[in-house]
Amino acid sequence: MKKQFLFICADNVSRSPTAEALFEDSEKAEARSAGFFPIRNSRKITNQLIRWASTIFVMDEKHEFHKTQLIQRFPDAEDKEIIILEIPDTFSRFDSELERLLVVKLKEGNWI
C-alpha cells in the first residue's frame, strides 16, 4: 500500500508543488500539496487533506512557523507524523536547486 504524503508551504506555488511532482511516478508513495495562503490555482489546506495524509511535510518552521500554524489551525494534524524540511521560500517552482534540495532531504529520511 502506498504511503500518502502531504507537502505544505505558505502559498502552494513553488516548494510544495515541486515536492508533490517528485512522486508523480512513484510506486512507494502518493503525494499532494497545499498551502496556508493559496494564490492563483493553488490548493488550500483542508481537514480532508490532513485526514488523507499518512505523513505531512512542512517546508519551514524556523522562519515561517509551518508546523506551529498547522497544529493551531488543524488540531487533528498533531496525530500525524509531521516532518520539517527547513526549505526557505527562496525558490521558484521546479527550480533545479529546489528539486535537488528536496531529494537530498527526502533521501535522508528514506522517504524517496
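This is a predicted model: local features need pLDDT of at least 70, side-chain atom pairs count only at pLDDT 80 or more; totals for chains, interfaces and linings use all residues.
**Entry 1: helix H4**

I began at the start of H4, where a side-chain oxygen of aspartate 95 comes to within 2.7 Å of the backbone nitrogen of glutamate 97.

Next I looked up the span of H4. The helix covers residues 96-108, 13 residues in total. From first C-alpha to last it reaches 18 Å, close to the 18 Å expected at 1.5 Å a residue.

Which residues of H4 are buried? I found Leu98, Leu101, Leu102 and Leu106. They sit on the same side of H4, because they cover an arc of only 125° around the axis.

After H4 comes asparagine 110, and I wrote down its phi as positive, near 60°.

**Entry 2: glutamate 64**

I went to the loop between strand E3 (55-58) and helix H3 (66-73), which is where glutamate 64 is found. Is glutamate 64 buried or exposed? Its relative accessibility is 19%, and buried means under 20%, so I logged glutamate 64 as buried.

Which side chain does the side chain of glutamate 64 make a polar contact with? I found arginine 15, with its side chain at 2.8 Å. Leaving aside neighbours within four places in sequence, I listed Ala10, Arg15, Gln69 and Asp89 as the contacts of glutamate 64.

Notes: Residues are numbered from 1 along each chain as its sequence is written. Side-chain values use heavy atoms; hydrogens and water are left out. Helices (H or I, at least four residues) and strands (E, at least two) are DSSP runs, numbered from the N terminus. Buried means under 20% relative accessible area, exposed over 50%, partly exposed in between (1.4 Å probe, protein chains only). A polar contact is a pair of N or O atoms within 3.5 Å; within protein, one must be able to donate a hydrogen and the other to accept it, and residues adjacent in sequence count only if both atoms are side-chain atoms. Contact means heavy atoms within 4.5 Å. The expected span of a helix is 1.5 Å times one less than its number of residues. The arc is that of the directions from the helix axis to the C-beta atoms.
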